[in-house]
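Here are a few notes to read with the model open beside you. Take them one point at a time and find each piece as you go.

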Amino acid sequence: MSKLGFIGLGIMGAPMAAHLIAAGHEVFMTTRSKVPADLLTGKGKACDSITDVAKQADIIFLMLPDTPDVAKVLFGDGGVAAALAKGKTVVDMSSISPMDTKEFAKKINALGCDYLDAPVSGGEVGAKAASLTIMVGGPQAAFDLVKPLFELMGKNITLVGGNGDGQTCKVANQIIVALNIAAVGEALLFASKAGADPAKVRQALMGGFASSRILEVHGERMIKRTFAPGFRIGLHQKDLNLALSGARTLGLALPQTAGAAQLMQACAANGMQDLDHSALVRALELLGNHEVAKA
């Protein structure tokens, strides 16, 4: 069994770390708040600092909100890099900038350690069910080493390419998810405003070519008004900003992505940044002065 580190025990990180502990691994953990009590079972151990985690563990996982958070945890005072010994592996499962990821990898590699960027898709539901999609960038040997651990947290695990390619894949994922949420929101809003029962419309569409995981899960959230966060609008905003920033660098136009980003911005401007990203439908409802359904 490996000695593992896990930094960042939020909505996603906590259940991911729990799967590693349940498999019998020794997991040294720290987070911005207190390590959840339910993780301090078996070989789950709370550490006082990031440095302590990096010293104790051979493979260190990060699950953090944004690029600056990862930079600080890796290279800030008392960060991971200061405590790394040669031969260790850093695995960043956050969703952050592909360009910055490449630079982070170079710095970690210079210390004699491997680096994998391994962002995930599947939200809180996937994290709890160990059914996450994991998109990995980095060297084959490091991927082969960590893959058995990935398999404890996810189902669809792909080595996309070199460092940064995992994050690029995640940005592409977030574009598709955002546009699908917007499409489902528009469809259900149209149906409801026209006088049809949106729940029945969703049920009918689930049997046709329009069927999707977004229609299944997020369409139900829109109808039942259950917007407690599985993945917050504020975090999806961050991911779409990464897409649009990358598009500018690459000389690309992503008009639909820009539209979805503006809908999320409208939600955030109305105090909804901490709701689930399915609440993007609220921006459409405000524009149309009509709700898909009543709470």
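1. First, a term you'll need: two strands pair if DSSP finds at least two bridges between them. Keep in mind that this is a predicted model.

2. Now look at β8 and β9. L132 stands opposite G154 in β9. The chain gets from β8 to β9 by way of helix α6 (residues 140-150), and this β-α-β crossover is right-handed. The two strands run parallel, with 6 bridges joining β8 to β9 (residues 154-161).

3. β8 has another partner, strand β7 (residues 120-121): these two pair in the antiparallel sense, over 2 bridges. Find V120 and you'll see that its bridge partner in β8 is I134.

4. Is β8 enclosed or open? Of its 6 residues (132-137), 5 are buried, so the strand is largely enclosed by the rest of the structure.

5. For a contrast, go to G207, in the loop between α8 (198-205) and α9 (213-224). G207 counts as exposed because its relative accessibility is 73%, and the cut-off is over 50%. Its C-alpha atom is separated by 51 Å from that of A81, 126 residues apart along the chain.

6. Last, the second largest pocket, which holds about 350 Å³ of space. It is lined by 18 residues, and the closest to its centre are P98, T168, L242, G246 and L250. Two or more lining residues come from each of α4 (98-109), α7 (165-193) and α10 (233-250). α10 gives the largest share, 7 residues. Sorted by class, the lining has 11 nonpolar, 5 polar and 2 charged residues.

Methods: Residues numbered from 1 in each chain as written. Predicted model: local features only at pLDDT ≥ 70, side-chain atom pairs only at ≥ 80, totals over all residues. Heavy atoms only, no water. 1 Å grid on protein atoms, 1.4 Å probe; cavity = no way out; pocket = protein on both sides within 12 Å on 5 of 7 lines; lining within 4 Å. Points joined across faces, edges and corners; volume = space filled by probe spheres on them. Helix = DSSP H or I, 4+ residues; strand = E, 2+ residues; numbered from the N terminus. Nonpolar A, V, L, I, M, F, W, Y, C, P; charged D, E, K, R; others polar. Buried < 20%, exposed > 50% of the residue type's maximum accessible area, 1.4 Å probe, protein only. Right-handed = clockwise from strand over helix to strand, strands pointing away.
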